[in-house]
Structures are given as structure tokens and as C-alpha cells.
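Hello,

I am passing on a structure that is new to you, with some notes on what turned up in it. Please have a look, and then read on.

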Amino acid sequence: MTLSTPDSATPQGQGPLHGVRVLDLSAYIAGPYGCSLLADQGADVVKIEPPVGDNLRKYPSSLESESRAFLGVNRSKRGLALDLKQPEAQQVLRDLASRADVLVHNFRPSVPARLGIAYEQLQEINPRLIYCAVTGYGDTGPLKDKAGYDQVLQTMTGMCAMQGKADGPPEILYGSVVDYYAAALVASGVSSALYERERSGRGQYVGVSLLRSALTMQSARMIWAEGEPREVGRDMRSGGITGLHPTREGYLYISANTPHFWTALCAKTGLDELAANPRYDSVRKRAEHRDEIVPRLHEALQARSAFEWEALFGEEVPCAAARTIEDMFDFPQVQAEGMVANYEHPVVGNYRGFANPIKYGRTPGPAPFAAPAFSQHADDVLAELELSSEQIAALKAQRAVL
């Protein structure tokens with residue numbers, strides 16, 4: 001089934017957030033994808049962009065007509081472009097906010113008040129509004145006005161130092177992991193604030209920062225017991241056997257930490273004597289003696305390809321052959337779980353993309369649809385404010401609305 005962006009009317013569907021209106025003023029990944037996660041759960045999300053568009057639209061892409069990144073993090077939204085430097089556009093936004101349930105932005109803390117959309121300003125016209133600000137470092141402290149970016153925060157918070165080898169330089173974790181985790185915090189924080197509003201009847205401010213995201217991801221490392229020295233082992237990797245290993249063809253990730261999995265690994269690879277050796281009978285011992293074990297394992301793994309080992313190990317040894325993301329589009333388990341949908345975009349045309357990050361038994365979310373073309377739904381969104389066609393035309397003529 002092909003899913004398309006509706007040309008008119010609010011997207012219909014159920015889902016636990018059905019009936020919730022979200023204004024997404026954010027750009028890049030963290031805020032926008034957080035809003036897409038809300039849309040996946042049934043919220044009606046209106047993406048509001050500046051005249052130049054979301055910066056993510058301009059990212060390098062092998063697609064000629066649109067950025068692959070923009071499509072990927074802005075599914076299931078309607079599009080509207082406003083020039084918030086103009087008073088008329090600011091009034092449109094305030095009118096939208098007066099009827100909305102949620103507003104999400106990633107402006108620096110000093111910007112919203114200049115635009116007339118600070119939390120205190122919008123709270124006066126809509127006391128029920130959930131107002132989520134996504135920042136780099138939070139809205140207080142010496143870095144509050146500093147722009148934050150995923151890999152900057154990775155580097156600052158020790159993630160890159162931990163990712164690198166002990167005797168090597170720091171290494172970036174590619175894939176915008178801090179941004180995507182921040183997006184999950186946006187969706188979680190907004191949802192819980194909506195739940196609380198059902199009891200109190202009042203909206204509230206929700207703050208998510210990339211700094212919080214980067215440190216939340218490292219909660220297991222952020223433990224410093226009294227009396228411990230500065231340099232203590234904080235690496236959560238078990239070492240030794242667990243990790244990527246070369247095979248006759250391709251690479252295989254193996255996780256064999258428990259006694260059961262370790263014994264099964266040895267049996268499947270013909271290394272039974274290692275399983276019987278008390279020198280290797282715990283994860284810690286195997287890590288300490290990895291220089292004795294790993295060469296033997298690598299030699300044994302040369303007997304088959306990574307995919308052959310994956311099939312042979314089955315459920316007895318947790319493992320995965322290294323695949324590319326392209327392999328996931330038709331991967332049987334992904335297909336069985338309905339994680340890929342066909343989309344129809346007015347500019348790009350048809351494409352396949354991710355869908356359905358959460359599975360609900362009783363209140364499944366609506367069918368996803370393609371990310372909006374620039375200001376694609378301006379007329380529909382403004383009509384919902386009961387503006388006449390003449391008023392909409394006037395706003396467009398002065399380019400307050402694009």
C-alpha cells in the first residue's frame with residue numbers, strides 16, 4: 001500500500017495521541033524526530049519552517065530533489081512556512097499556539113522572547129500548552145546560549161574518548177546517536193506532560209538538551225563512588241570474546257558472556273577444550289586472557305562465512321552477521337514487524353522508509369505519510385484558523401506566509 005501526504009484535512013487515525021495538535025518549530029534532528037515520534041502515536045503535527053527552510057533540507061543527499069535526512073526525520077507532518085520576523089506571521093503563530101496542545105522548538109534561550117513565543121508569553125494565551133524547548137546545553141548556566149550539535153556533545157561528554165581504543169585517539173559515534181536519543185526524550189517528556197495535564201488541567205515547560213541526552217546515555221558510566229580515584233574502569237564493554245570477529249567472508253558479532261553461551265560457542269566452533277579450561281570460566285577471566293582465546297577463535301571462524309556461522313549458531317549463540325542498512329529494507333523480521341512503508345511524496349515521488357517505531361495492541365497509530373514539501377499545507381492549516389482565502393492570499397503576498 002502506498003501512503004501519501006494528505007492534500008487537505010487533518011490526517012485521520014487513532015493512536016494514543018489522537019486529537020493532540022503539535023506545532024514543530026524545530027530543525028535538524030532532535031526536535032523534528034521527537035515530533036515525528038509523536039505523530040507516529042497519532043498526534044497531528046504541523047511543521048513550521050522559516051523562509052529558508054529547515055537546514056536539514058540542505059544537507060548533502062544523493063536524492064536530487066530533497067534531503068534524505070529531512071525525509072527520514074519528518075514523516076507524518078503537515079508543512080507550513082512562516083517568516084517570524086514579520087508581526088503578521090508572529091500573530092499567525094500565536095493563533096496556532098492558542099489552539100495547540102504542544103509546541104516544540106530548538107531556538108537558543110534568548111530567541112523565543114524576541115519572537116513573542118517564550119513560554120511565559122504563550123502560557124498567557126494557552127495555559128494548557130505543553131512547551132518543549134530543545135537546547136544544546138540547557139536554559140541556564142554559562143553555556144546556555146551556545147549552539148549544540150550531536151558530535152560536539154559526544155566529544156565534550158567523553159563518549160568519543162570511550163569509543164576510541166585505549167592507545168588511540170577519540171572516535172566519533174556516527175549516526176547522530178545523541179540527537180536521536182534526545183528525540184526519544186522529547187517524545188517521552190511531552191507525552192508524560194500531556195498525561196499530567198489530564199489531572200491538573202495545566203500545561204508546563206519541558207526542557208530537553210543534547211547535554212542531558214549525552215549524559216543520560218552514559219548513566220552506567222556516570223557512577224563515581226566515594227573514595228574512588230579519577231581514573232577507574234568505566235567501559236561497559238565486556239571485552240574478550242564479545243565483539244566483531246572476521247570470518248572466511250564478512251564479519252560476525254558474537255556475544256557469549258553467560259556460561260551457557262560460552263559453552264555453546266566453544267562447542268559449535270570445535271573449541272571444547274576452552275570451555276573446559278578453568279582459566280576461561282568467567283567473563284572477567286576471558287577478558288584477561290583474550291590474547292590466548294581470540295586467535296584460536298579467529299582461526300576457527302575461518303571455516304565458514306559470517307552468514308553461515310549466523311545460521312549455524314542459531315539461538316544457541318547470540319550473534320549477527322554484519323549487514324548494510326540496505327539489507328534491512330527486505331529483512332524478513334523487519335517486514336514481519338511492519339517497519340518499512342511505501343511513501344508518496346509530491347516532489348521525490350515514491351520511496352520506502354521506516355515506519356511504526358512503537359507497536360500498540362488496542363490503539364494502533366495512524367498510517368504514516370511522507371514528510372511535507374516546503375509549506376505544502378499552508379492553505380489547509382491557515383483555513384483551520386478560520387482565515388478567509390483573501391486573508392491567506394494577503395499573508396502570502398507580503399510573504400509572511402510562504
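Which residues make a nonpolar surface patch of about 340 Å²? Leu-244, Tyr-251 and Tyr-253 do. Patches here are made of residues with over 30% relative accessible area and no salt bridge, with like charges joined within 9 Å and nonpolar side chains (Val, Leu, Ile, Met, Phe, Trp, Tyr) within 5 Å. Accessible areas come from the Shrake-Rupley method with a 1.4 Å probe, and for residues only the protein chains shown count as cover. A salt bridge is a side-chain nitrogen of Lys or Arg within 4 Å of a carboxyl oxygen of Asp or Glu.

A word on the ground rules. This is a predicted model, where local features need pLDDT of at least 70, side-chain atom pairs count only at pLDDT 80 or more, and totals for chains, interfaces and linings use all residues. Residues are numbered from 1 along each chain as its sequence is written, and side-chain values use heavy atoms, leaving out hydrogens and water.

The protein chain is assigned domain 1 (21–218 + 368–398) and domain 2 (243–322), with bounds from an automatic or database domain assignment. Taken over C-alpha atoms, the centres of domain 1 and domain 2 are 44 Å apart.

Helices (H or I, at least four residues) and strands (E, at least two) are DSSP runs, numbered from the N terminus. Two strands pair if DSSP finds at least two bridges between them. Strand S8 (residues 243–246) pairs with S9 in the antiparallel sense over four bridges, and His-245 has Leu-252 in S9 as its bridge partner. S8 and S9 form a hairpin with four residues between them, and Gly-250 in the turn has a positive phi of about 90°.

An open antiparallel sheet has three strands in the order S8-S9-S10. S8 and strand S10 (319–321) are at its edges with a single partner strand each, so one side of each has no neighbour in the sheet.

Another open sheet has six strands in the order S4-S3-S2-S5-S6-S7, with parallel pairing. Its edges are strand S4 (77–81) and strand S7 (205–209), each with a single partner strand, so one side of each is left without a neighbour in the sheet. Strand S6 (residues 130–135) runs parallel to S7, joined by five bridges, and Tyr-131 has Tyr-205 in S7 as its bridge partner.

Best wishes
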